[in-house]
Amino acid sequence: MARVEFTNPFRCEGAWLRGAIHVHTTASDGLLSPEQALIAYKARGYDFVVIADHWRLTPVDDVAPSVGIIAIPGEELSVGRSLAGTSMHVVAVGLSEELSRERASGWDAQRAIDAVREGGGEALIAHPSWSDLCFADLLGLEGYLGVEVYNTNCDVSAGKGWSWSQWLGLLSSGKLVYGVAADDAHWGSGEHSRLDAFGGWVLVKAGSADADSVLRALRSGMFYSSTGPEILDVEVRGDEVVVRTSPVRAVTFLSREGHGRRYEAVSGGALTEVRHGLSGRERFVVVACEDWSGRVAWTNPMRVLPD
Ligand SMILES: [Zn+2]
Ligand SMILES: [Zn+2]
């Protein structure tokens, strides 16, 4: 038998809002102005955008209302040194005061996370694989909301978009941080690469359509992330988890060591509903739904305890 602790966005009141959580503009090294970036996301059906320019808290209040999209102020900081000797990028979401490069001189990642939270924001660890981070780099850090499990720009520009191993290492170690999908859009695309936008997003279940409600939902884990598929429902019934999804080729219950399980559609079929019984030895479960193009939607972690 198992006992499950899960903040379940599929079983609470509110509306789903689709958002891009890490976007650059001409205020740093992006190619679109803040207004152009918001218009582009609005045209693709997004409800909110976090503008996170490098070392710049880009003003968004003057442009967002006319575009008709929720804009959340953010910033991206590059600080510290990883075990590989690289710097660590921290995305601040919902920041109220700019953190300048000068002020952050000499900061390590923990100091940056603390400063983001002191400034009213939440911190995400950007693109662990692109930064050559291992989960040990992140295990000792406290107070961050989660990690980017997928980053579109790092995928299309360097083939280092996915960071499953870093996230699963943290979860297996008992650190149940959230895992998000982000674009990190800079709006460039070369001859042999696709645009680094609209490739990874979060869907938050928010009480109302405003920045404060989105932030509250992010803080409490009331969201899931996707690069394609749609998760329609997750139900926890005792020690059984039932997942309904848009048609996919595989549904995986990721867990510690080999305590999870992968279900695949066989002989040309598709999966739209999977039931999985928990043993109580999992410690955590993340449900990942993968389509035929390798695009994935995943939940935040459920904590599983022996009953
Ligand atoms: Zn970065
Ligand atoms: Zn970035």
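In this predicted model, the zinc ion (ligand 2) is held by His22 (NE2), His24 (NE2), Glu76 (OE) and Asp184 (OD), at 2.0 to 2.1 Å. Donors here are N, O and S atoms within 2.8 Å of the metal (3.2 Å for Na, K and Ca), and sites may look incomplete because water is not among the atoms. Along the chain, the donors of this ion follow the spacing H-x1-H-x51-E-x107-D. The angles among the four donor atoms run from 82 to 171 degrees, which leaves the site irregular. Helices (H or I, at least four residues) and strands (E, at least two) are DSSP runs, numbered from the N terminus. His24 counts as buried at 0% relative accessibility, and Asp184 is buried too, at 3%; buried means under 20% relative accessible area, exposed over 50% and partly exposed in between (1.4 Å probe, protein chains only).

Glu76 also reaches the other metal, bridging the zinc ion (ligand 2) and the zinc ion (ligand 1), which lie 3.7 Å apart. His89 belongs to strand 5 (residues 88-93) and His127 to the loop between strand 6 (122-125) and helix 4 (135-139), so the two tie together parts that are 38 residues apart in sequence. Both histidines are tucked away: His89 is buried at 11% relative accessibility, and His127 is buried at 2%.

Turning to the aromatic residues, a search of the whole structure turns up 15 aromatic pairs. Rings of Phe, Tyr and Trp (its six-membered ring) pair if their centres lie within 6.5 Å; planes under 30 degrees apart count as stacked, over 60 as edge-to-face and the rest as tilted. Tyr41 and Tyr46 have ring centres 4.7 Å apart and planes at 70 degrees, so they meet edge-to-face. Tyr46 is buried, with a relative accessible area of 3%, and Tyr41 is buried at 0%. Tyr41 also pairs with Phe198, where the centres are 5.1 Å apart and the planes at 70 degrees, so this pair is edge-to-face. Tyr41 lies in helix 1 and Phe198 in the loop between strand 8 and strand 9, so the contact ties together parts that are 157 residues apart in sequence. Elsewhere, ring pairs join Tyr150, Trp162, Trp164, Trp167 and Trp298 into a cluster.

Two arginines sit over tryptophan rings: Arg18 places its charged end 4.2 Å from the ring centre of Trp201, and Arg111 lies over the face of Trp107 at 4.7 Å. The criterion is NZ of Lys or CZ of Arg within 6 Å of the ring centre and within 35 degrees of the ring normal.

As for conventions, residues are numbered from 1 along each chain as its sequence is written, while chains are lettered from A and ligands numbered from 1 in the order in which they are written. Local features need pLDDT of at least 70, side-chain atom pairs count only at pLDDT 80 or more, and totals for chains, interfaces and linings use all residues, with side-chain values based on heavy atoms and hydrogens and water left out.

Terms used:
Tetrahedral: all angles 85-135°; square planar, octahedral: opposite > 155°, others 65-115°.
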